[in-house]
Amino acid sequence: MLTMALVGTLLLGACSGGSDREQPQDRASPSSTASHGGDLSSLSGRIAFDNFDDVWTIDADGTDLTRVTHSPWPEFDPSWSPDSTQIAFRSERSGEPEIWLMNADGTGQRRLTAGLSPAWSPDGSLIAFSGMEGLSVIRPDGTGRRVLPHTEGGEYPSWSPDGSRIAFDSNVIRQHTMYVAQADGSKVVDLASVGEGWQVDWSPDGRFILFTSHRDHPDNYTDVYLMRPDGSAVRRLTHGLGQTPAWSPDGDHIVISAPGLFIMDPDGSEVSALPTPGLGETTLPDWAD
């Protein structure tokens, strides 16, 4: 489920690639230090995201902003296929959350199944999603749907790079508790000791998981955090505002919503704003080659 609209400033701390050193002094907010329209030319790949109404895509260098869906109903939460040719997304054209597929240019749209928060497996053979019975998987052709055991209320799944595990969150027992399970739903590891977190994203090298939390706020403000897959070495990456993080395919950058789209290095430096003029709040980015 989508987080509430956020306001405020984003102050970036430092994350030394998972080291256990203390954080240095907070950095200034993107509104004052981010490179708005600056040099993004070294970045490659394409980022899909939404503005709560439609799915959009943009090159990571800030060019070729394209509206992919053109619907009177909400369509959002895009997920790239591993070969970057298709996008799974959530549509509410029926009045209920459904997973749909489309080509990268928005053509060939078709309904896949009821559910939300889709995520492609690394080999493209399965899509994990949140279903009524729990975290589920289905083949892109619509066959083979099955519910993963012991994942009631599971949402925002993210596959490990080798496809053997899935990280997700659930708020059935506790508020936004994170879990890691084998891809078949077995050996579910409860990360309640880490504290509240959701919107997880596994790093391309498998060493870290990004997540969103408002653990350090008495209100609905959120920040982006990093941890190891076993829940250790938690690091706060933003201070005051940040949500829906996603890794670049090479793991050298992170894109977040704050609430516009910002790209930063994993150490909290080199913050750049992606230009999305006129779109309002943007969220739930996914970065593909």
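A residue is counted as buried when its relative accessible area is under 20%. In the structure described here, which is a predicted model, Ile58 has a relative accessibility of 0% and therefore counts as buried. Ile58 belongs to strand 4, which covers residues 55-59. Beyond its neighbours within four places in sequence, Ile58 is in contact with Arg46, Ile47 and Phe49, with Thr63, Asp64 and Leu65, and also with Leu274 and Pro275. Although Ala48 lies ten residues away from Ile58 along the chain, the C-alpha atoms of these two residues are separated by 6.6 Å.

Burial also marks strand 11 (residues 127-131), which is mostly covered, with five of its five residues buried. From this strand Ile127, Phe129 and Gly131 point one way, while Ala128 and Ser130 point the other way, and residues of both groups are buried. Strand 11 runs antiparallel to strand 10 (residues 116-120), to which three bridges join it, and within this pairing Ala119 stands opposite Ala128. The two strands form a hairpin with six residues between them, and in the turn Gly124 has a positive phi of about 75°. Strand 11 is also joined by five bridges to strand 12 (residues 134-138), again in the antiparallel sense, with Ile138 of strand 12 as the bridge partner of Ile127. The hairpin that connects strand 11 to strand 12 passes through two residues.

Strand 18 (residues 198-202) is likewise mostly covered, since five of its five residues are buried. Its pairing with strand 19 (residues 209-213) is antiparallel and extends over three bridges, and Trp202 has Ile209 in strand 19 as its bridge partner. Six residues lie between the strands of this hairpin, where Gly206 takes a positive phi near 80°.

A further arrangement is the open sheet of four strands, which follow the order 14-15-16-17 with antiparallel pairing. Strand 14 (155-159) and strand 17 (189-190) stand at the edges of this sheet, and because each has a single partner strand, one side of each is left without a neighbour in the sheet. Strands of a sheet pair through backbone hydrogen bonds, in either a parallel or an antiparallel manner.

Technical notes: Residues numbered from 1 in each chain as written. Predicted model: local features only at pLDDT ≥ 70, side-chain atom pairs only at ≥ 80, totals over all residues. Heavy atoms only, no water. Pairing = 2+ DSSP bridges. Buried < 20%, exposed > 50% of the residue type's maximum accessible area, 1.4 Å probe, protein only. Contact = heavy atoms within 4.5 Å.
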